[in-house]
Amino acid sequence: MHADTLIHAPWIIPVEPAGTVLEQHAIAIDQGCITALLPSTQAREQIQADAIVELPDHALIPGLINAHTHTPMSLFRGMADDMPLMDWLTRHIWPAEQRWISPEFVADGSRLAMAEMIRSGTTCFNDMYFFPDVTGQVAQDAGMRAVLGMILIDFPSAWAADSDDYLDKAIKLHDRFRNEPLIKAIFAPHAPYSVSDAPLQRVRTLASELDLPIHMHVHETTDEIQQGLDNTGQRPLARLESLNLLGPDFIAVHMTQLEDQEIDRFAASGSHLVHCPESNLKLASGFCPVARLFQAGVNVALGTDGAASNNDLDMLGEMKTAALLGKGVAQNPEALPAPQVLAMATLNGARALGLEDQTGSLEVGKAADITAIDLGQLETRPLFDPVSHIVYAAGRELVSDVWVNGCRLLRERTLTRMDHARLLASAGQWQEKLIEWRQSDAR
């Protein structure tokens, strides 16, 4: 049997079947796909590979899936901290976006974000931002798997003039990338408080016609709930349900404000949820009842949100926070065990995005989206359970190698398709521009 690449490791954690850890195994990759998982001794005898990668202290996991982020906002990292969501948005983020959002900003911010994600083991991200066509091109150049949110919001931006313009551009975006194997476009209305009924009804029609998911911030804060009650007489989730948005193609992000009846109705709809614990904690938005949602049968994925509100795109760190917070909220140390949290960051994200037939687990026939984590360091020894260490002990600096669709994007901590020095220089230039703008604005 021939393979392009054969990777040997002491632990392979496929995620599916759940709870499986394969010891002293190898993964064979050919033409971008996983073609075999078998004991290393057999692999050495049976497989002729063009490249053999020996990782003697590593665990191989499916590439991490960041199921909700705003990649270009990496250029706003740390610009406005320690304030409530609406103050953060209206006083800092929206004015900065009004002044600076452009194809150049989006391209540079996306490159910086993707480099950070690759270096922390993320192989696929689900984005929501302006100029998604630019982010898509950057993702193609970087070799990342990307889901591009076709953003919709009631007010004009540098990207679109009104809701019709947003949706017209959405269709063009979908058509542009529809045949690209690593790129998918989905609908991304911003939030219930920022999108009115008529555009949402059109989204529902288009999403059904094109068989595409809908990705939306929902029930993020108490202010959002009160605003919904004041403006429509309904809690936002009830309004979305009345508009027929909920269903197996709907992805709600955050959901920190949930009543028991809402959890049951959401679960019955088959909708998915993306949990962003660190952003919710930093903005003091509330606590998503993840354990309760799992008990109700909801598929819960994991995301970082944007670097402007997190302030990183580190899915390993997000896993640890999700596990610890989930136990605290449930007041149960058995809630959100490590294997379940790893599934949130991999297969559950793929399911939410409609990519479970391509990625999210290490299975024969799926794309070779693989992250290698070095567990041979002092910080991860002694080692009794590799999954435990990945969730509770390993940091992103232990991610050594990353493959997407069989292409090695990170080799021994070095980016193979992105220029590290150029990224630093670009970030420095934007830092100077933003500091000067903020100082002049303050005057």
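Which residues of helix α4 (residues 132-142) are buried? They are Pro132, Val134, Thr135, Gly136, Val138, Ala139 and Ala142, where buried means under 20% relative accessible area, exposed means over 50%, and partly exposed lies in between, computed with a 1.4 Å probe and protein chains only. Helices (H or I, at least four residues) and strands (E, at least two) are DSSP runs, numbered from the N terminus. This is a predicted model, in which local features need pLDDT of at least 70 and side-chain atom pairs count only at pLDDT 80 or more, whereas totals for chains, interfaces and linings use all residues. Residues are numbered from 1 along each chain as its sequence is written, and side-chain values use heavy atoms, with hydrogens and water left out.

The buried residues of α4 pack against α3, β7 (122-128), β8 (145-152), α5 (163-177), β9 (183-189) and β16 (407-411), a contact being defined as heavy atoms within 4.5 Å. Just after α4, Gly143 takes a positive phi of about 85 degrees. The C-alpha atom of Gly143 is separated by 16 Å from that of Gly109, and the two residues are 34 residues apart along the chain. Gly109 itself is placed in helix α3 and counts as buried because its relative accessible area is 0%. If residues up to four places away in sequence are not counted, Gly109 touches Thr71, Pro72, Ser74 and Leu75.

In one of them Glu116 is paired with Arg77, with the closest N and O atoms 2.8 Å apart. Glu116 counts as buried because its relative accessibility is 12%, while Arg77, at 34%, counts as partly exposed.

Glu116 also meets the side chain of Arg396 in a salt bridge, at 2.9 Å from N to O. That pair links distant parts of the chain, since Arg396 sits in the loop between α15 (386-392) and β15 (399-404) and Glu116 in helix α3, 280 residues apart. With 29% relative accessibility, Arg396 counts as partly exposed. Arg77, Glu116, Asp314 and Arg396 are linked in a network of salt bridges.

Elsewhere, the side chains of Arg292 and Asp260 meet in a salt bridge with an N to O distance of 4.0 Å. Arg292 lies in helix α11 (residues 290-296) and Asp260 in helix α9 (residues 260-269), so this pair ties together parts that are 32 residues apart in sequence. Arg292 counts as partly exposed, its relative accessibility being 25%.

Strand β11 (residues 250-254) is mostly covered, with five of its five residues buried. Two strands are said to pair if DSSP finds at least two bridges between them; strand β10 (residues 214-218) and β11 pair in the parallel sense over five bridges, and the bridge partner of Ile214 in β11 is Phe250. Strand β11 also pairs in the parallel sense with β12 (residues 272-275), over three bridges, and the partner of Ala252 in β12 is Leu273.

Not counting residues up to four places away in sequence, Leu200 touches Pro189, Val195, Met216, Arg239, Leu240, Leu243 and Leu245. Leu200 and Leu152 are 48 residues apart in sequence and 8.8 Å apart in space, C-alpha to C-alpha.
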